[in-house]
Each structure stands twice: as C-alpha cells, then as structure tokens.
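I open the notebook on this structure here. The entries follow the order in which I looked things up.

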Amino acid sequence: MNSTEVRRQWADRSGEYSPEYYAYYGPDETSETICNILDRFVDRDASILEVGCSSGRHLAHLHDHGFETLSGIDVNDDAFDVMAEAYPELAADGTFYHDSIETVVGEFDDDQFDVVYSVETLQHLHPDAEWVFEDLARITADLLITIENENEGEGDDSESADTDVSYVNDDFPLYHRDWNRVFTELGLLEVDATSGKRDTIRTFRTPQA
C-alpha cells in the first residue's frame with residue numbers, strides 16, 4: 001500500500017473509525033488526558049492544532065474547558081459536516097483544514113502553533129510521508145504531544161527499514177515508530193511519557209519553550 005492509497009482509505013472511511021463513529025462515542029479519557037497536559041504547560045489562549053482531528057471530539061473537550069484558539073486538519077470528506085452537527089460551537093469558533101496532513105503542514109509558518117498534538121494519527125502516515133514530522137516540529141512553538149500505538153505488531157518491516165507495519169482488522173496499515181527518537185532527533189525535548197493500555201503518551205517541548 002502506497003501513501004496515496006493510505007490517504008484515500010481515510011478520506012473515504014465510513015463505519016468504524018469514521019467521523020460518525022468518533023462523534024457517537026464523544027470525548028473520552030484521552031480527551032481528558034490532553035486537557036490535563038495542556039493545563040500543566042500552557043494558558044487558555046494557547047493556539048492549538050490537532051493533526052487528524054476527525055469530527056473533533058478531543059477539540060470539543062478542550063473548547064468546553066476554555067481553550068480559545070483551536071485548529072484541526074482532517075482528510076475525511078465527512079469530518080467537518082459531522083463536526084457541525086455534533087459540536088456546532090467548536091465548528092463555528094475553530095479553524096479547520098479539509099485536506100491531507102502532507103498538503104497542509106508545509107503552508108504553516110515556523111512556530112505558528114503553541115501546541116500541536118496527534119491521537120492515533122501519525123501512526124497511519126506512510127513511510128513515504130515521514131518528512132511531515134520535521135514540519136510538525138517546525139510549526140510547534142512550545143508543546144508537541146503524541147498519543148500513538150508503539151507496540152510491535154505482527155507483520156514485516158518491508159515498508160521501511162526503520163518502521164514496522166501491522167494491519168488493523170486486516171484493513172488499514174499501522175506503522176510502529178519510536179516517537180521519542182523521531183522527535184528528539186528533530187530537536188525537541190521529551191518531558192513526560194506514559195504507557196497506556198494501547199498507546200504511549202509522549203509530551204515534548206521545544207528548546208525555546
């Protein structure tokens with residue numbers, strides 16, 4: 001599966017792991033975790049970008065807790081229509097980009113966002129798109145949070161010499177990476193890491209923070 005096919009799978013996705021799916025379940029423990037991390041490090045007026053926001057359940061939780069400057073990127077064709085129905089205040093107040101991460105991030109200025117975070121999204125980026133990680137570090141002024149699956153999955157590492165790949169429900173690929181290595185090699189400093197049932201939550205700060 002190449003990077004174009006991976007993007008197309010997520011752009012067309014319905015049912016499980018779709019925007020409707022996440023809106024149905026709403027904010028969860030992960031939403032609370034993100035809010036708690038932000039409470040530790042930034043003020044309510046921090047500019048925040050979620051990479052792969054889907055219908056916005058995590059951003060909606062932040063909005064409900066007083067964070068004011070929220071943005072999101074998602075490639076799915078239904079994401080923002082579902083957001084407008086499920087979280088109308090977020091949809092009205094936030095800034096959103098309906099496109100692939102690869103297309104959008106290069107347009108942002110250096111240090112444009114105080115906070116950039118991803119929840120089980122970067123793990124689906126094809127190895128051909130790994131250049132995106134450098135851009136994410138570039139646009140982050142203060143805090144970058146990764147909540148990603150780091151467990152070694154079944155399958156081989158034929159997609160990339162540095163990346164193992166497994167498949168969720170024999171359907172879409174999940175690329176297992178060492179996120180500490182990825183972002184510390186790009187100059188960020190890891191200040192916290194917690195292993196959950198499925199994901200590892202890593203918090204990085206920029207050297208100037």
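I began with the term for charged pairs: a salt bridge is a side-chain nitrogen of Lys or Arg within 4 Å of a carboxyl oxygen of Asp or Glu. By that rule Asp-110, Asp-135 and Arg-138 are linked in a network of salt bridges. The search of the whole structure gave eleven salt bridges.

I noted the ground rules. The model is predicted, so local features need pLDDT of at least 70 and side-chain atom pairs pLDDT 80 or more, while totals for chains, interfaces and linings use all residues. Residues are numbered from 1 along each chain as its sequence is written, and side-chain values use heavy atoms, with hydrogens and water left out.

Entry: overall make-up.
I took helices (H or I, at least four residues) and strands (E, at least two) as DSSP runs, numbered from the N terminus. The protein chain has nine helices and nine strands. For burial I used relative accessible area: buried is under 20%, exposed over 50%, partly exposed in between, with a 1.4 Å probe and protein chains only. Of the 209 residues in the protein chain, 53% are buried.

Entry: the sheet.
Two strands count as paired if DSSP finds at least two bridges between them. I found seven strands in an open sheet, in the order 3-2-1-4-5-9-8, with mixed pairing. Strand 3 (95-98) and strand 8 (189-195) are at the edges with a single partner strand each, so one side of each has no neighbour in the sheet. Strand 8 runs antiparallel to strand 9 (residues 200-205), and six bridges join them. Within this pair, Ala-193 stands opposite Arg-202 in strand 9.

What does Arg-202 form a salt bridge with at 2.8 Å between the closest N and O atoms? The partner is Glu-150. Glu-150 lies in the loop between strand 5 and strand 6 (164-168), so the pair ties together parts 52 residues apart in sequence. Both Arg-202 and Glu-150 are buried. Arg-202 also meets Glu-190 in a salt bridge (2.9 Å, N to O). Glu-190 lies in strand 8, so this pair ties together parts twelve residues apart in sequence. I read a relative accessible area of 12% for Arg-202, which is buried, and 28% for Glu-190, which is partly exposed.

The side chains of Arg-205 and Asp-142 meet in another salt bridge (2.8 Å, N to O). Arg-205 lies in strand 9 and Asp-142 in strand 5, so parts 63 residues apart in sequence are tied together. Arg-205 counts as partly exposed at 22% relative accessibility, whereas Asp-142 counts as buried at 14%.

Entry: the nonpolar core.
I took a nonpolar core as a set of buried Ala, Val, Leu, Ile, Met, Phe, Trp, Tyr and Cys residues joined through side-chain atoms within 4.5 Å. The largest has 26 residues, and those with the most contacts inside it include Leu-38, Tyr-117 and Ile-145. Helix 3 gives the largest share of this core, five residues. With contact meaning heavy atoms within 4.5 Å, and neighbours within four places in sequence left aside, the partners of Ile-145 include Ile-37, Val-116 and Arg-202.

Val-51 is in strand 1 (residues 47-51). Its relative accessible area is 0%, so Val-51 is buried. Val-51 and Ser-118 are 67 residues apart in sequence but 5.2 Å apart in space, C-alpha to C-alpha. In helix 4, seven of its eight residues are buried. Gly-66 follows helix 4 and has a positive phi, near 95 degrees.
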